[in-house]
Amino acid sequence: MKYVLAAVLCIAVPAAIFASDNGYKITYDGGSLPDTKAGIGMKIYIEANQVRLAKDNADVVKIPATAITEISYGQDVHRRIGTAVAVGVFTLGVGALIALSKSKKHYIGLIWADGDKKGGLALQCDKNDYRGILAGLEGVTGKKAVDSETMTVKN
């Protein structure tokens, strides 16, 4: 019985490891993808020669790594005032503590030009995956990501 269990585990564990999904969960925040609405959950796959966005295991767009012209990143910080008011109605002191906390959202922007096909998009990433996605995009494209906070835009 021990040998059968050992044999099953020797086959099952490597199969589970190799079958793992190597994509990152993101939220499409807007851009030039047709028939795609903002707020849709997707996965981004960073491969050796392309970047793919997929929804429900179907590719939405494939961007060649050589076509990506710019990578940008930034953060959006908000105070949790709405949550603080809602909690404050029921518990008097806790609402004030929640009002002092902040929520951060991490964004990555991509711009590409592949012949006549040009486009751009903004992605919202999880705080744990944010740096990994940036490093992967920089490595595949050879471009350095630009912090959108440091860019000065004059109207």
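Two strands pair if DSSP finds at least two bridges between them. Strands (E, at least two residues) and helices (H or I, at least four) are DSSP runs, numbered from the N terminus. This is a predicted model: local features need pLDDT of at least 70, side-chain atom pairs count only at pLDDT 80 or more, and totals for chains, interfaces and linings use all residues. Residues are numbered from 1 along each chain as its sequence is written, and side-chain values use heavy atoms, with hydrogens and water left out.

**View 1. Strand β1 and its partners.** β1 (residues 24–31) runs antiparallel to β2 (residues 40–46), joined by five bridges. Tyr24 stands opposite Ile44 in β2. β1 also pairs with β7 (residues 117–125), again antiparallel, over five bridges. Here Gly31 has Leu121 of β7 as its bridge partner.

**View 2. The two sides of helix α4.** α4 covers residues 130–141. Tyr130, Ile133, Leu134, Leu137 and Thr141 are its buried residues (buried is under 20% relative accessible area, exposed over 50%, partly exposed in between; 1.4 Å probe, protein chains only). They lie on the same side of α4, because their arc around the axis is only 100° (taken from the directions from the helix axis to the C-beta atoms). Arg131 and Gly139, on the other side, are exposed. Gly142 follows α4, with a positive phi near 80°.

**View 3. The largest nonpolar core.** Such a core is a set of buried Ala, Val, Leu, Ile, Met, Phe, Trp, Tyr and Cys residues joined through side-chain atoms within 4.5 Å. The largest has 23 residues; Ile26, Leu53, Ile71, Ile108 and Leu121 have the most contacts inside it. α4 gives the largest share of this core, four residues.

Technical notes. The expected span of a helix is 1.5 Å times one less than its number of residues.
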